[in-house]
Amino acid sequence: MRRSKFLAGERVVVRSPQEILLTLDSNGTLDGHPFMPEMLDCCGKSFSVHRRVEKTCVDVEPPIDSNRRFAKDDVVTLEGLRCDGSGHDGCKRGCRIYWKEAWLLPAEGATTAAPIDAAALAELRARLKVKADEQRYFCQSTELLRATEAFPGRLKPWLVRIALRQIRQGDRSAWEIAKLFMRWLRLRLHRAMSGDDRLRGPHTNGTPVAVLDLKPGELVRIKPFDEIVETLDRKKRNRGMNVCHEMTRCCGTVAEVRYRVTRLIEERSGKMRELKHSVTLQNPRGEPSLCEECLCYGEMGDCPRGELMYWREIWLERVNGQGQIAPRVEG
């Protein structure tokens, strides 16, 4: 009998639409966790398990702890799969997709996609819910708080246990866990030494805008810390977008534009937010980058969500120094 859990590196096949449909309730969810339209194209195809989702961060207001878990410990991520927003009116949040193990099978040597029944695919698509009401969207991000639970008792002992399980399961090596722990310590020291006041900008009535009209594949350099702070208001924001201490690690580094971010679904409210003059970045060599995944990536033990960082164009400059338009101030 095979193990009941899929581990990092294993090959799996996404089940057929008929099989997935049998696991879903009337909202298209399993244990409150949605199967989304963006996942339909994966049916019948083979992927490698990226890692198990031992814990996940959730965008919540204190005093609710942002670290939560899936009660059945039955969720994994698959290599290279992020939501493209095609089923949610073009959301550009780029969330890493969470897969219930009930939606997967061992690959058992399969290398080609299994044929998909068109009628069953249409039936599955019709079951999937994409909006909670006229204004609020319905997806894995908006439902994550309801699909997860708080860790019982104190969190830190759980984080130690999770780190040990990650090593045993192959999600992370002992060396990677040690590096993540050291990164976490450095970030805590960085926050303690820098303080919130260093990220508070001078603006009280609107913040400046720069239009670079960056395109995917262009190389940019993230501006120095002081220049970024000059674009912020007293709440550490530029037109509502925050800069956090984790992002300041990237100042001075060169990155490649991944894509433009024009709209995204806000996790707490479920509403679509429109963005201007913003992009997300990646390492030009295709390797993991400090400026690609943010926030919880710096937590002790990190987080499988791998949330993308979003960058205002005014915080960036083209590597060749051309094409920048003088900033203007918007309220």
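Me: What makes the largest cavity, at about 200 Å³, a cavity?

Reply: On a 1 Å grid over the protein atoms alone, a cavity is a set of points where a 1.4 Å probe fits but cannot get out. Grid points are joined across faces, edges and corners, and the volume is the space filled by probe spheres set on the points. By that count the largest cavity comes to about 200 Å³. One caveat: this is a predicted model, where local features need pLDDT of at least 70 and side-chain atom pairs count only at pLDDT 80 or more, while totals for chains, interfaces and linings use all residues. Residues are numbered from 1 along each chain as its sequence is written, and side-chain values use heavy atoms, with hydrogens and water left out.

Me: How many cavities of 30 Å³ or more does the search find?

Reply: Searching the whole structure gives 2.

Me: Which residues in the lining of the largest cavity lie nearest its centre?

Reply: Lining residues have an atom within 4 Å of a point. For the largest cavity 20 residues pass, and Met36, Cys83, Cys95, Cys139 and Ser141 are the ones nearest the centre.

Me: How do you know what classes line the second largest cavity?

Reply: Ala, Val, Leu, Ile, Met, Phe, Trp, Tyr, Cys and Pro count as nonpolar, Asp, Glu, Lys and Arg as charged, and the others, Gly among them, as polar. The lining includes Ile222, Phe225, Thr248 and Trp311, and its tally is 8 nonpolar, 1 polar and no charged residues. The largest cavity's lining splits into 9 nonpolar, 6 polar and 5 charged.

Me: Which helix gives the most to the lining of the second largest cavity?

Reply: That's helix H6 (residues 225-229), with 3 residues. Helices here are DSSP runs (H or I, at least four residues), and strands are runs of E, at least two, numbered from the N terminus.

Me: Why are S19 and S20 called edge strands?

Reply: Two strands pair if DSSP finds at least two bridges between them. The open sheet runs S19-S18-S15-S12-S20, paired antiparallel. S19 (311-312) and S20 (316-318) each pair on one side only, hence edge strands.

Me: How do you know that S18 pairs with S19?

Reply: There are 2 bridges between them, and the cut-off is at least two, so they pair. Val279 stands opposite Trp311 in S19. S15 and S18 share 4 bridges, with Val279 in S18 as the bridge partner of Arg260.

Me: Why is strand S18 called largely enclosed?

Reply: Buried means under 20% relative accessible area, exposed over 50%, partly exposed in between (1.4 Å probe, protein chains only). In S18 (residues 278-282), 4 of the 5 residues are buried, so the rest of the structure largely encloses the strand.

How values were computed
On a 1 Å grid over the protein atoms alone, a cavity is a set of points where a 1.4 Å probe fits but cannot get out, and a pocket is an open set with protein on both sides within 12 Å along at least five of seven lines; lining residues have an atom within 4 Å of a point.
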